Every structure is written in structure tokens, then in C-alpha cells.
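Subject: Structure handover

Hello,

Please find the structure below. My notes on it follow.

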Amino acid sequence: MKRHGTFVLSMMAFGFAFLYVPIALVVLYSFNGSSLSTVWGGFSLRWYGELFRNEEILRAVLLSLRIAALSASVATALGTLAGMAMARLPRFRGRTLFTAMILTPLVMPEVLTGLSLLLLFVSLHDLFGWPGARGGSTIAIAHITFSTAYVAVIVRSRLTGMDPSLEEAAMDLGARPLRVFLDITVPLIAPALLTGWLLAFTLSLDDLVIASFVSGPGSTTLPMLIFSKVRLGVTPEINALATVIIVIVATGIAIAARTMRRREARHAERPAPLGTGTG
Amino acid sequence: MSPEAAAERPRRRADPQAWLRRALALPYGWLLLFLLGPFLIVLKISLADPIVAQPPYTPLFEVAEDGARRLAASLDNYRFVLSDRLYLYTYLNSLKLAAISTLLCLLVGYPMAYGIARAHPARRNLLLMLVVLPFWISFLLRVYAWMGLLGTNGTINELLLWAGVINAPLKLLYTDTAVFLGMVYSYLPFMILPLYANLERLDPDLLEAAADLGSRPRQVFRDVTLPLSFPGVVAGCLLVFIPAMGEFVIPTLLGGPESLMIGRVLFEEFFANRDWPVAGADAVLLLAILLVPIGLFQYFEARREDET
């Protein structure tokens with residue numbers, strides 16, 4: 001029996017080409033020696049040189065990385081608690097509201113989130129004098145808020161697919177709840193925590209709209225800088241920057257995928273006694 | 001505590017999740033403060049009057065001379081937004097662009113999700129990863145990639161000129177067509193993933209039974225696969241439509257002057273015109289429009305959660 005009709009196969013080929021050709025072209029043009037973006041002027045690393053000498057871009061990269069690392073870590077902590085509560089507590093006060101608040105950021109248009117958070121910060125400043133200046137910290141708070149929702153959803157779906165008997169056994173054997181959480185639950189949901197952290201990190205690095213609203217003077221994140229440069233047209237330096245980002249992301253994903261496959265393979269070839277497993 | 005109560009305590013098993021109940025206060029409090037709180041404030045500010053000051057709007061409560069607080073709300077901003085022809089056009093245009101983008105995503109995404117779900121199990125994960133991978137690369141840069149493709153001197157025009165198909169470059173960038181391309185390109189994974197999750201769980205016995213009973217492949221698809229995949233279609237469409245309605249980056253970078261969308265106008269109103277109350281009213285109206293689709297999304301998600 002034929003698995004696929006010609007129509008489905010050609011749609012898949014078209015779809016994947018659609019997804020990857022634009023990215024491939026950006027990479028190709030990043031090695032273009034000509035400053036006219038689409039006229040091929042021979043292979044050159046010129047734009048990479050300009051990129052790494054551009055202090056404005058490097059400063060923005062550093063700020064973005066700092067915000068992303070901070071917000072991903074806090075969001076993973078908050079999101080794990082939220083996801084565990086949704087998976088393990090069948091009822092608690094305000095569960096409906098809580099679920100709604102977790103699901104809303106997944107679809108909420110960014111202009112709404114950004115505008116409303118800025119107005120909150122302004123009101124808080126009027127009432128309590130905090131936050132004094134908007135910048136890295138207000139952007140981090142905004143990113144933590146929406147990233148928490150993503151982490152919670154990932155952790156919840158990992159936990160609902162998991163047998164609670166290991167945790168219950170540890171509890172019956174007298175382990176304290178915190179012990180059970182750290183020694184049993186966390187290792188079991190580690191892949192979800194890693195995925196959640198990486199997703200939160202990426203979402204933070206990626207955000208233009210919300211950061212534009214809640215940022216203050218002097219705090220320009222990388223997407224804000226890129227946007228101000230590309231708003232007026234194609235910029236060869238940005239092609240080089242995009243290529244660097246693509247290479248980092250692809251490498252990161254390849255490593256993460258390999259690690260997870262290894263972990264799963266190790267789990268599959270049990271039963272090895274605990275503690276004797278090799279790395 | 002009485003001795004009896006102390007003796008009785010160990011017998012009653014303590015709530016093992018007590019710590020989780022307490023720890024839940026952290027994310028709960030955070031979301032109340034930074035997610036729910038802000039929306040109430042937007043509502044408040046959309047009812048204020050703009051003034052030239054920092055922050056540029058009047059306080060909602062005015063303290064009268066006798067010390068009593070008076071609610072100084074006005075619906076002027078809403079009246080302005082709702083009576084302005086440009087705003088009306090913007091809202092309708094956003095609905096149109098988001099709806100067409102969603103439909104296009106569905107047309108491209110459904111066959112892909114179907115193909116992946118029917119692919120050899122060993123290949124499924126790789127194909128899925130290929131769908132998700134672009135999502136991890138900066139959204140902004142992916143939209144930017146289309147500027148290079150569609151520009152007057154862009155790759156597509158250069159190719160068509162070189163092949164002799166056209167004599168003069170086509171106007172592709174800064175049009176609604178470019179907005180559609182950017183939307184489909186950016187939101188395609190959000191359509192494919194829920195569709196795939198749904199199609200993959202479809203019972204193959206049902207399809208075989210239909211085939212055994214004499215249905216042609218086309219009929220099997222129309223009478224069995226398509227109706228059963230309806231929840232996936234709804235989830236995918238909502239995940240694309242809702243954020244597309246408020247999209248800012250795509251219409252700003254790829255769209256023309258006529259490709260007005262609420263997100264873009266709100267951003268301009270806020271940053272260029274510094275009219276915060278009108279931007280607030282804009283935001284509240286956008287939220288009001290999206291309330292039904294967001295409610296639907298929450299309803300379907302909650303139902304899906306109950307099933308698992």
C-alpha cells in the first residue's frame with residue numbers, strides 16, 4: 001500500500017522548502033562581499049568583521065543574554081511549581097482563574113501584554129516609587145511572566161503522562177516531601193525542565209514588542225536594535241548576525257536532541273541497579 | 001494541643017502535597033500582580049483623558065474639595081476610536097488579514113501535518129523537529145528574511161527577471177501579499193503541531209474499517225479523517241488567529257501603508273503620538289474582540305486536559 005499520495009508528498013516538499021529557503025538565503029547573503037544586499041559581489045567575511053567590531057550590537061547582545069538567562073531561570077522555577085500544581089492538585093482555591101492565567105499568555109497578542117505591563121510599572125512607580133527606572137529589570141519581569149506560562153504547560157504535560165507511584169513509594173518509605181521533590185520528581189521531569197528553560201531563554205531573546213514597551217532609555221535589547229536597523233530595509237550586517245544566531249540555535253538543538261535520545265536509550269536498557277549507570 | 005490529639009496525629013496521613021499548596025502562592029501571586037493586574041490598569045487608563053504630562057493621562061480618581069473621591073472616567077477615548085473611520089478600517093482590516101492568514105496556514109499546514117502523522121514512525125520525530133526548528137530562530141529575523149526575498153532588488157524579482165518571466169520588477173514587498181507570506185511563514189508551526197497531535201492519535205483501525213467497507217481513499221479522508229481531526233483544526237486556527245490579530249512586526253516590516261492592523265496602530269499611537277489613553281482604549285477593544293476566541297481556546301484546552 002502506498003503510504004502517501006502525490007499531493008501530500010508535494011505539499012510536504014513545498015512546505016519544508018517554504019520554511020527553509022528564506023533562512024538559507026539569509027545565510028548565503030551574509031557571505032556576500034557587496035554592500036548591495038542582493039547583488040552577489042563574491043565570497044567575503046566582511047560583514048562578520050563589521051559585526052564583531054560593532055560595539056552597539058555587542059552591548060545589546062550582552063544585555064539580551066543577561067535578561068534571557070535571568071528570566072529563563074526564574075520562569076523555570078515558577079513554571080515548575082505552577083505545572084506541578086496543575087498536574088497534581090485536582091482542586092485548590094482559584095484553580096479556574098489560575099488555569100486561565102497560565103493559558104492566556106500563550107495566545108495573547110504582544111502589544112496587549114507590553115502596553116498593560118508598562119502601565120502597571122508606571123502606576124506602581126507613582127504609588128510606591130518602584131521600579132525607579134525602567135530597563136533590564138522591568139524587561140526581565142515581563143519575560144518571566146509569559147515564560148512561566150510556557151514552562152508550566154510543558155511541566156504539566158510531562159507530569160500528567162507520568163506514573164506517580166515512584167513518588168508515592170518514596171513518601172510511604174518516609175521521605176520528606178522536599179526530599180521526594182528533589183530526589184525523585186526533579187530527575188524525572190528534567191527533560192521538561194531543560195526544554196522549558198531553553199524555550200523561556202529563546203522567547204526572551206526573541207521578544208521585540210514587549211521589551212519595547214517596558215524598556216527605558218539606554219536599555220536597548222538585541223531585537224530592539226535589529227528592528228531599528230531593518231525597519232528601513234535589508235542590512236548586510238544583520239544577515240551576518242542572523243547567521244551566527246542560526247548556527248548557535250542549530251548546534252544547541254542538535255546537542256539537546258542527542259542528550260535526550262541518549263537518556264531515553266539509557267532508560268530503555270535498564271534494569272541497571274541505581275547508581276551504577278555509566279555516563 | 002491535648003494529648004489525645006497529639007496521639008491521633010500520626011495516624012491521619014498528612015496531606016503530602018501541603019508544601020505544593022503553599023509554594024503555589026509564588027506563581028499565583030506573580031501572575032495576579034503581573035498578568036491580571038496590568039489588564040485592570042489598562043481598563044482604568046482607557047477611561048482617562050490624555051494630558052501633556054508624565055504619565056500622559058489624568059488620574060481616574062479626582063479628589064474633590066470636600067475630600068470625597070469622584071470617579072473621573074470618560075468614554076471619550078472609546079467614542080473616538082469607534083467613530084473614527086481609520087480605526088474602523090483598521091479593525092476590519094486586522095480581522096480580514098488575520099482570517100485569511102489563518103486559512104492559508106490551514107491549507108498549507110493540514111497536508112503537512114497529515115503527511116508527518118502518516119510517515120514512518122522513525123521519521124516522524126525528525127520531520128517534527130524540522131517544523132519546530134525555525135521557531136527557535138528569532139521571529140524578527142525570520143520576518144526580516146522575507147524582506148530580502150521580496151524587495152524590488154530581492155531574490156524573487158532577480159530570479160524572475162533573469163528567467164525572462166517579467167520585464168520590470170514586481171511590487172511584492174510592502175503589500176498585503178507580503179503580510180500573508182510573513183504570517184503563514186511565522187505561524188505555520190502553531191498550526192501544524194496541534195493538527196499533528198490530533199491526526200497522530202487517530203485510530204488506524206477506523207481508517208482500515210472504512211477502506212474495507214469499500215470507501216475510496218478520498219472518501220475515507222472526507223468521511224472519517226477530516227471530521228475526527230476537527231478539534232485539531234480548531235486548536236490550530238485559534239493558535240494562529242489570536243496572535244495574528246494583534247501582530248505588529250509583520251505588518252510593519254512587510255506591509256504597505258494600507259496594511260493597517262490594530263497592533264501596528266496601537267504601537268504608533270503609543271510611541272509616535274504618545275496618546276496613552278487612546279492606545280489603552282485600542283487595547284481594551286482588541287481584547288474585547290479576542291475574548292471569544294481566547295475563551296474558546298481555554299475551553300478546548302481545559303477539555304483536552306480533562307481527557308488526558
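In these notes a residue is called buried if its relative accessible area is under 20%, exposed if over 50%, and partly exposed in between (1.4 Å probe, protein chains only). This is a predicted model, in which local features need pLDDT of at least 70 and side-chain atom pairs count only at pLDDT 80 or more, while totals for chains, interfaces and linings use all residues. Residues are numbered from 1 along each chain as its sequence is written, chains are lettered from A and ligands numbered from 1 in the order in which they are written, and side-chain values use heavy atoms, with hydrogens and water left out.

Aromatic rings

A pair of aromatic rings is described by the distance of the centres and the angle of the planes. Rings of Phe, Tyr and Trp (its six-membered ring) pair if their centres lie within 6.5 Å; planes under 30 degrees apart are stacked, over 60 edge-to-face, and the rest tilted. Over all chains, this rule gives 26 aromatic pairs. In one of them, A:F18 and B:W146, the centres are 5.6 Å apart and the planes stand at 50 degrees, so the pair is tilted. Because A:F18 lies in helix α1 (residues 6-30) of chain A and B:W146 in helix α7 (residues 139-150) of chain B, the pair joins two chains. Helices here are DSSP runs (H or I, at least four residues), numbered from the N terminus. A:F18 and B:W146 are buried.

B:W146 also pairs with B:Y185: their ring centres are 5.5 Å apart and the planes are at 75 degrees, so this pair is edge-to-face. It links distant parts of the chain, since B:Y185 is in helix α9 of chain B, 39 residues apart from B:W146 in helix α7. B:Y185 is buried, as is B:W146.

One aromatic cluster is formed by A:F213, A:F227, B:F248, B:F267, B:F270, B:F271 and B:W276.

Buried helix residues

Helix α4 (residues 95-107) of chain A has 10 of its 13 residues buried, so it is largely enclosed by the rest of the structure. Among the buried ones are A:F98, A:M101 and A:L106.

In chain B, B:L286 belongs to helix α15 (residues 276-307). Its relative accessibility is 0%, so B:L286 counts as buried. B:L286 and B:M245 are 41 residues apart in sequence, yet 8.2 Å apart in space, C-alpha to C-alpha.

One loop residue

B:D203 sits in the loop between α9 (176-201) and α10 (204-212) of chain B. Is B:D203 buried or partly exposed? With a relative accessible area of 36%, B:D203 is partly exposed.

Regards
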